[in-house]
Amino acid sequence: MRKIFLLSFDDGTVWDKRFVELLNKYGMKATFNLNSALEDFVWYFEDRFPVRRQKLAETVEQYLREFVDHVYGNLIKAMQERGLEALQEKILDTYQKEKASELVKTTLTENCLQVEVSSCPAVTHLHATGRTVSSWYVYTTTTVMEALAEKIGAKFSMDSYDEATGKASYRICL
């Protein structure tokens, strides 16, 4: 029998690091929702102890790196075994599943994977449905790709990014 436990609490405090350590210790997964409007917010526990939210970028990066470890474990293993070819296959597979294969081009050499995206399907969808693309979108992509690259001793570089369309050029090199 599979058991599921759901807990909701106010996140974004310095105590979250300890909470994440406990989650990792027991092999549990979690999703954190961050409120960027409260980046510099200070509240007082029991009206005596000041608690500051971590700087938002640091909190988001910590979350994304945990996300990579939990969600991309199989990809990381494949990258460690087969190198950048495994990442190339994952990127192409993702765009195929989004029915957007024509929007991405990859070039794999012995030491580098170059990726060219003519427009991002998610950005296009958000615009088409009247929503605004978060200013954190490129930061999210960059942090996830950096974390994946680091798992195999590679370096990630975002060469160009257009916020209006999601057009991007990036590379991962050993």
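The structure is a predicted model, in which local features need pLDDT of at least 70 and side-chain atom pairs count only at pLDDT 80 or more, while totals for chains, interfaces and linings use all residues. Residues are numbered from 1 along each chain as its sequence is written, and side-chain values use heavy atoms, with hydrogens and water left out.

**Salt bridges**

A salt bridge is here a side-chain nitrogen of Lys or Arg within 4 Å of a carboxyl oxygen of Asp or Glu. Side chains of opposite charge can pair when their charged atoms come close. Seven salt bridges are found in the whole structure. Among them are the following pairs.

| Salt bridge | N to O distance |
|---|---|
| R65 and E146 | 3.9 Å |
| R65 and E150 | 2.8 Å |
| R82 and E89 | 2.5 Å |

Helices (H or I, at least four residues) and strands (E, at least two) are DSSP runs, numbered from the N terminus. The side chains of R65 and E146 meet in a salt bridge. Because R65 lies in helix α2 (residues 56-71) and E146 in helix α6 (residues 137-150), this pair ties together parts that are 81 residues apart in sequence. R65 also meets E150 through a salt bridge between their side chains. E61, R65, E146 and E150 are linked in a network of salt bridges.

As for accessibility, R65 counts as partly exposed at 23%, E146 is partly exposed at 28%, and E150 is partly exposed at 46%. In the pair of R82 and E89, E89 is partly exposed, with a relative accessible area of 39%.

**Strand β4 and its partners**

Two strands pair if DSSP finds at least two bridges between them. Strand β3 (residues 104-108) pairs with β4 in the antiparallel sense over five bridges, and V104 stands opposite V117 in β4. These two strands, β3 and β4, form a hairpin with three residues between them. Strand β4 also pairs with strand β6 (residues 168-173), in the antiparallel sense and over six bridges; here Q114 stands opposite R171 in β6.

Strand β4 itself spans residues 112-117 and has two faces: L113, V115 and V117 make up the covered one, and C112, Q114 and E116 the uncovered one.

K99 is found in the loop between α4 (84-97) and β3. Most residues other than glycine have a negative phi. The phi of K99, however, is near 55°, a positive value in a residue other than glycine. K99 counts as exposed, at 73% relative accessibility.

**A nonpolar surface patch**

Patches are made of residues with over 30% relative accessible area and no salt bridge; like charges are joined within 9 Å and nonpolar side chains (Val, Leu, Ile, Met, Phe, Trp, Tyr) within 5 Å. Accessible areas come from the Shrake-Rupley method with a 1.4 Å probe, and for residues only the protein chains shown count as cover. L22, Y26 and M28 form a nonpolar patch on the surface, together having about 290 Å² of accessible area. One of these residues, L22, has its place in helix α1 (residues 16-25) and counts as partly exposed at 30% relative accessibility.

Notes:
Buried means under 20% relative accessible area, exposed over 50%, partly exposed in between (1.4 Å probe, protein chains only).
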